[in-house]
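Hi there,

Here is the structure I promised to pass on to you. Have a look at it first, and then read my notes below.

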Amino acid sequence: MNLLKEVLPPYAFFKRGPHLGPQVLVTDDTTAERNALRATWSSAGLLLCVFHLLQALWRWLWDSKHNIPKNDRPKLLVLLRNVVYAETTQKRKECENILLTDETVLKHEQFIDHVTNNLLPRVKEWALSERFEKELPTHGNNTTNYVESSFALTKN
């Protein structure tokens, strides 16, 4: 990452320069990647890719050790997706309340634990309401899929 800083022009990152770096970065939830970016550009806000967050939840729901019945999985995903995509903090909190009081959710203590212990504490990293209200410069990009697609194309 430090080598990248050396080759970037002084007007990189909307004239913030390579040493100050980007204002925000969107990543999947890879610890090594996030640590490297944090070490390189400590002032940049690290946001989580919405697609990867929901994909990870879907995989969690399908993991047999969590004992979530197949017919409950889509509803649990949709309820959390509503929290993720809420455009205001007020709407997000309403969606969180709906999620945590839903009768399907209440049948799955392990899901409630996962959401309350692993996802909700990191709401500032993935909630679109945070991005909209703080006017973070994501330029409408809330996923890393564009980057992953472009890398895949250049590798071939």
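With which side chain does the side chain of E130 make a polar contact? The partner is the side chain of K134, at 2.9 Å; a polar contact is a pair of N or O atoms within 3.5 Å, where within protein one must be able to donate a hydrogen and the other to accept it, and residues adjacent in sequence count only if both atoms are side-chain atoms.

Before going on: this is a predicted model, in which local features need pLDDT of at least 70, side-chain atom pairs count only at pLDDT 80 or more, and totals for chains, interfaces and linings use all residues. Residues are numbered from 1 along each chain as its sequence is written, and side-chain values use heavy atoms, leaving out hydrogens and water.

E130 sits in helix α11, residues 128-133 (helices are DSSP runs of H or I, at least four residues, numbered from the N terminus). With a relative accessible area of 9%, E130 is buried, whereas F51 is partly exposed at 38% (buried means under 20%, exposed over 50%, partly exposed in between, with a 1.4 Å probe and protein chains only). Beyond its neighbours within four places in sequence, E130 is in contact with R92, V123, K124 and L136 (heavy atoms within 4.5 Å).

F51 belongs to helix α5, residues 50-62.

Happy exploring!

Notes: Helix = DSSP H or I, 4+ residues; strand = E, 2+ residues; numbered from the N terminus.
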